[in-house]
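Here is a short briefing on one protein chain. The sequence and structure come before the text.

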Amino acid sequence: MTALLVYRLATSRRRAEERVEEATAELRVAGATARTQATLLSGVMDTIADGVAVIDSEGRAA
């Protein structure tokens with residue numbers, strides 16, 4: 001019985017660690033994507049010749 005509990009705890013911990021590793025990897029990819037998008041947007045905004053206004057979902061200028 002004790003061996004079964006130890007096994008279950010060990011496998012549960014391993015699965016939890018795997019989920020944390022997967023989530024961390026996904027966050028790294030998302031962070032890299034966000035940085036790339038921010039760099040592209042910054043480049044566009046720095047070189048655009050026209051004025052730009054930002055309007056929120058309720059029609060207010062932000």
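The notes below cover fold, overall shape and surface patches.

This is a predicted model: local features need pLDDT of at least 70, side-chain atom pairs count only at pLDDT 80 or more, and totals for chains, interfaces and linings use all residues. Residues are numbered from 1 along each chain as its sequence is written, and side-chain values use heavy atoms, with hydrogens and water left out.

**Fold and shape**
- The chain has 1 helix and 0 strands (DSSP runs, H or I of at least four residues for helices and E of at least two for strands, numbered from the N terminus).
- The radius of gyration of the chain is 23 Å, whereas a compact globule of 62 residues would have one near 11 Å (taken over C-alpha atoms; the globule rule is 2.2 Å times the number of residues to the power 0.38).
- Along its principal axes, the C-alpha trace spans about 75 × 25 × 10 Å.

- Of the 62 residues, 2% count as buried (under 20% relative accessible area; exposed is over 50%, partly exposed in between, with a 1.4 Å probe and protein chains only).

**Surface patches**
- Patches consist of residues with over 30% relative accessible area and no salt bridge, joining like charges within 9 Å and nonpolar side chains (Val, Leu, Ile, Met, Phe, Trp, Tyr) within 5 Å; a salt bridge is a side-chain nitrogen of Lys or Arg within 4 Å of a carboxyl oxygen of Asp or Glu.
- E18, E21, E22 and E26 form a negative patch; E22 lies in helix 1 (residues 2-47) and is partly exposed at 49% relative accessible area.
- L41, V44, M45, I48, V52 and V54 make a nonpolar patch of about 520 Å² (Shrake-Rupley method, 1.4 Å probe; for residues, only the protein chains shown count as cover).
- V44 is also in helix 1 and is partly exposed, at 45%.

Technical notes. Lys, Arg positive; Asp, Glu negative; His and termini not counted. Charge placed at Lys NZ, Arg CZ, Asp CG, Glu CD.
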